[in-house]
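Please keep the sequence and the structure in view while reading.

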Amino acid sequence: MDSKKTPTPPKSVLDESRQIDRAVSLIEMGARLQVLESETDLSYERLLRLYKEVAGRSPSKGQLPFSTDWFLTWQPNIHASLFQNIHAYLSRSSADLENVDVMIKAYGLYTEQVQANGVEPLLTITRAWRLVRFIKNGMLKMVSCTRCGGHFVADTYENPRHFVCGLCEPPARAGKGAGAANGVHLQ
Ligand SMILES: [Zn+2]
């Protein structure tokens, strides 16, 4: 199991209230409890209580998704890439925001954009959080498509000289389902 870090108590009432706001946003977006534990200094007991209060149920148990595979399958890759493009843009343009707030904001914009196109968000907030970490740790990277120039999430060994994205070259089996991803543009 992972080593339990003892959370440092929040520094001030203001800081604590900021952390509660963050936790509430994350819970409303459907984040798993592990994300809250990692992104706030609130104690496990408080987070659990907050979770039940906001979500109206106990948090789901079980392991977080640990593999990078999901992000590389066709439709999830398009969603993950859209989120990551928004996230990268916000990270550059909002230097005053803390990392966790950039993620929350980027996730909100991602869901807004796909829903405006009549597409269900495939990427959960928990996966978005993993994605940011995978990219930071160099387990995934961003590559430009040689045809459309959009930026896509790719495996670290992907050769950027030959990379063609899933929108320019959808898999044959995609067929009619391809429409579901077409509302999403990455340029
Ligand atoms: Zn492309």
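Two residues are said to be in contact, or to touch, if their C-beta atoms, placed from the backbone, lie within 7 Å. The structure is a predicted model, in which local features need pLDDT of at least 70 and side-chain atom pairs count only at pLDDT 80 or more, while totals for chains, interfaces and linings use all residues. Residues are numbered from 1 along each chain as its sequence is written.

An unreviewed UniProt entry lists Cys145, Cys148, Cys165 and Cys168 under "binding site"; UniProt positions follow the numbering used here, feature names are shortened, and annotations may be inferred rather than shown by experiment. These residues are spread over 24 residues of sequence, yet they cluster in space, with a largest C-alpha distance of 8.4 Å.

Cys168 lies in the loop between strand 2 and helix 8; helices (H or I, at least four residues) and strands (E, at least two) are DSSP runs, numbered from the N terminus. Leaving aside residues up to four places away in sequence, Cys168 touches Cys145, Arg147 and Cys148. A residue is buried if 20 or more other C-beta atoms, placed from the backbone, lie within 10 Å of its own, exposed if 12 or fewer, and partly exposed in between. Cys168 counts as partly exposed because it has 14 C-beta neighbours inside 10 Å. Cys165 has 24 such neighbours and therefore counts as buried.

Helix 7 (residues 125-136) is largely enclosed by the rest of the structure, because 9 of its 12 residues are buried. Among the buried residues are Trp129 and Phe134. The buried residues of helix 7 pack against several elements, including helix 5 (74-93) and strand 1 (140-144).
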